[in-house]
Amino acid sequence: MSNPAMSVQLAGMELKNPVVVASGTFGFGREYGQFYDLSELGAICVKGLTAAPREGNPPPRIAETPMGILNSVGLQNPGVDAFISTELPFLHRYDVKVIANISGNTPEEYGEMCQKLSSAGVDMIEVNISCPNVKAGGLAYGTRPDLAAEVTRMAKDHAGKIPVMVKLSPNVTDVTEIARAVADAGADALSLINTLRGMRIDVSSRRPILKMNTGGLSGPAVLPIAVRMVWEVASIGLPILGMGGVSDGDGAAQLMLAGASAVAVGTACFVDPYAPIKVRDELRDIAARQGLDGVSQLTGALRPW
Ligand SMILES: Cc1cc2nc3c(=O)[nH]c(=O)nc-3n(C[C@H](O)[C@H](O)[C@H](O)COP(=O)(O)O)c2cc1C
């Protein structure tokens, strides 16, 4: 047994441990802050922000599935300005890195949000080009290499000194094609995976459970897909924030071995608000049992057949 160091680097940003909370599953941290000190986390990735406030999609917008959930929340949020004036000061009371997740209708909107958030003092921007639940922008940017590159360039041009991480969609045939396009456009890091498009039907009424008909699948069911995609994208060489179905240290370690420098916990937070803390502690135990000096030594240490 060793006593592994828990800090990791993600695109030049030092995290005190590799556990981040995933966008859209942790709000702006206020509710979870009633359970534990948010400074325990490596970073908080806030709910997806848009230029103007959004009410999101009509309910029902969550459907349970075997080993996961479908959601069609559709980026409900108070808008970037309200985040900066009300939520960011709250988060800055904690010793935790803040990652702002943004979605735009146009590349210019992404640029404007980056400028505002960078000046406001967030630590990193996560550019969401992979939301399956909004008509404009969102997934369209994440499935076309040229558009993904354009949004990345715009974000980089306006983010000042802070790193830009681009969040990839699993709803593509070849994730490395998009990853390479955003890497060439200057992205500092990649995060993946967002949710997978899915559908659930109520057989008696013959209606989809979700009012939007389809939604995005997350939770333990998607972990093997996330591990495979992180492994594929690791060959590009950019730092990776891995996510998708992590609910314990083993899942987090799998993503790190596949190439992730840090991992995000999403849907598991709905089941157990302490999930990110549990994942962190189990990850430390795994690294200790393997006699590592630091948990970062797991990153990319896969021994593929
Ligand atoms: C209810 C809900 C809302 C989400 N909202 C966002 C969002 O606003 N922006 C984003 O990039 N991803 C969003 N996601 C995707 C998660 O950040 C994450 O990529 C995905 O759920 C896979 O991780 P998980 O299986 O641990 O939840 C959302 C997921 C859920 C379940």
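Which residue has a backbone N or O atom that lies 2.8 Å from an oxygen atom of the ligand? That residue is Gly219. Before going further, please note that this is a predicted model, where local features need pLDDT of at least 70, side-chain atom pairs count only at pLDDT 80 or more, and totals for chains, interfaces and linings use all residues. Residues are numbered from 1 along each chain as its sequence is written, and side-chain values use heavy atoms, with hydrogens and water left out.

**Around the ligand**

| Residue | Distance from backbone atom to ligand oxygen |
|---|---|
| Gly219 | 2.8 Å |
| Ile193 | 2.9 Å |
| Gly48 | 3.1 Å |

On its own the ligand has 610 Å² of accessible area (Shrake-Rupley method, 1.4 Å probe), and the protein covers 95% of that. Around the ligand there are 23 residues (a heavy atom within 4 Å), and Ser23, Lys167, Gly219, Gly245 and Thr267 come nearest.

**Helix 7**

Now let us turn to helix 7, which spans residues 249-258. Helices here are DSSP runs (H or I, at least four residues), and strands are too (E, at least two), numbered from the N terminus. Just after helix 7 comes Gly259, with a positive phi of about 140 degrees.

Conventions
Buried means under 20% relative accessible area, exposed over 50%, partly exposed in between (1.4 Å probe, protein chains only). A polar contact is a pair of N or O atoms within 3.5 Å; within protein, one must be able to donate a hydrogen and the other to accept it, and residues adjacent in sequence count only if both atoms are side-chain atoms.
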